[in-house]
Amino acid sequence: MSWKKYLLLPQLLSYAARAPRDPAKAWDRFWSEIRRTGNRGEVLWDTEDPREIEEVLKRVTTHFAPDLPVIDIGCGNGRFSRLLAARYPKVVGLDVSSHAIEKAREESAGIENLSFHVADISIPYALRWLVDELGEANVFMRGVLHVLDPKRRAVAVENMRGALGARGVLYLSESSIDGDPLDHMVLQGATPTYMPEPVRKVVAAGVRPPSRFGDAEVREYFPGAVWEILESGPTVMYTLPLRTPDKIEALPSYFALVRRRG
């Protein structure tokens, strides 16, 4: 990316000056303003694109223990929670935002084996209550680690390790764009004078800018001494249209399926 990306800084600093410093408050601020979800909604990453859905379900059904419950971390409005609930005995969606959980419950009404709760995965022992309730579980996570700082990432990974038990498997997918957060924003259509509305909503809420989470990061946070990588590689996550009025966009990403050793 060229030096022109730095021309984005005045916009970003303006939003940052008004944004909450607490990541949980930033996420709740974001979700409190969401009125529409899905392909014609306002949530950048909440598409209904069958290409990603089919790939994700193929991967998880290959590796997840079919008789275990699933914990969907960073569930948002429950898009993937609902898909998983059709295939596993019980699904629990967790999100740091109470407004996200409210939206997920609204969109998932009538699904009896699906529940939602507010929880911050980046706080130590955040899942202890759920482990006591469920026992070992599979864990699903799409687009969470790439917006956590290194310390919070490490805590999140440890929490998930405790939830898996002996048989659970973790699926994760994260954005994996070369460069820094400014490069990420340029790729998503931001210019010095314009920011696509789905991107602007995230930035204005004060959500931490995404950073690269690819193979090197997977191996750093899931070292071979304590984790077994079952499958991993490049993939894409799909986002709302950013450069055109109606074309769903592919975001370079990385996925991994891992389980604990010992």
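This is a predicted model: local features need pLDDT of at least 70, side-chain atom pairs count only at pLDDT 80 or more; totals for chains, interfaces and linings use all residues.
Trainee: How many bridges join strand β6 to β7, and in which sense do they run?

Mentor: In a regular strand the side chains alternate between the two faces of the sheet. Here, twelve bridges join β6 (residues 227-239) to β7, and these strands run antiparallel. Strand β7 (residues 249-260) also pairs with β5 (residues 170-175) in the antiparallel sense, over six bridges. Val258 of β7 is the bridge partner of Leu170, and Ile229 stands opposite Val258 as well.

Trainee: Why is helix α9 described as largely enclosed by the rest of the structure?

Mentor: Seven of the nine residues of α9 (residues 197-205) are buried, so the helix is largely enclosed. Among them are Pro198, Val199 and Lys201. The buried residues pack against α1, α2 and α8. After α9 comes Gly206, with a positive phi near 95°.

Trainee: Which residue meets Arg200 in a salt bridge?

Mentor: Side chains of opposite charge can pair when their charged atoms come close. The side chain of Arg200 meets that of Glu197 at 2.9 Å, N to O. An α-helix has 3.6 residues a turn, so residues three or four places apart point the same way. Arg200 and Glu197 are three residues apart in α9, about one helical turn. Arg200 is partly exposed, at 24% relative accessible area, and Glu197 is partly exposed at 38%.

Trainee: Which distant parts of the chain does the pair of Glu52 and Arg142 link?

Mentor: The side chains of Glu52 and Arg142 meet in a salt bridge of 2.7 Å, N to O. This pair links helix α3, which holds Glu52, to strand β4, which holds Arg142, 90 residues apart. Glu52 is buried at 5% relative accessible area, and Arg142 counts as buried at 13%.

Notes:
Residues are numbered from 1 along each chain as its sequence is written. Side-chain values use heavy atoms; hydrogens and water are left out. Two strands pair if DSSP finds at least two bridges between them. Helices (H or I, at least four residues) and strands (E, at least two) are DSSP runs, numbered from the N terminus. Buried means under 20% relative accessible area, exposed over 50%, partly exposed in between (1.4 Å probe, protein chains only). Contact means heavy atoms within 4.5 Å. A salt bridge is a side-chain nitrogen of Lys or Arg within 4 Å of a carboxyl oxygen of Asp or Glu.
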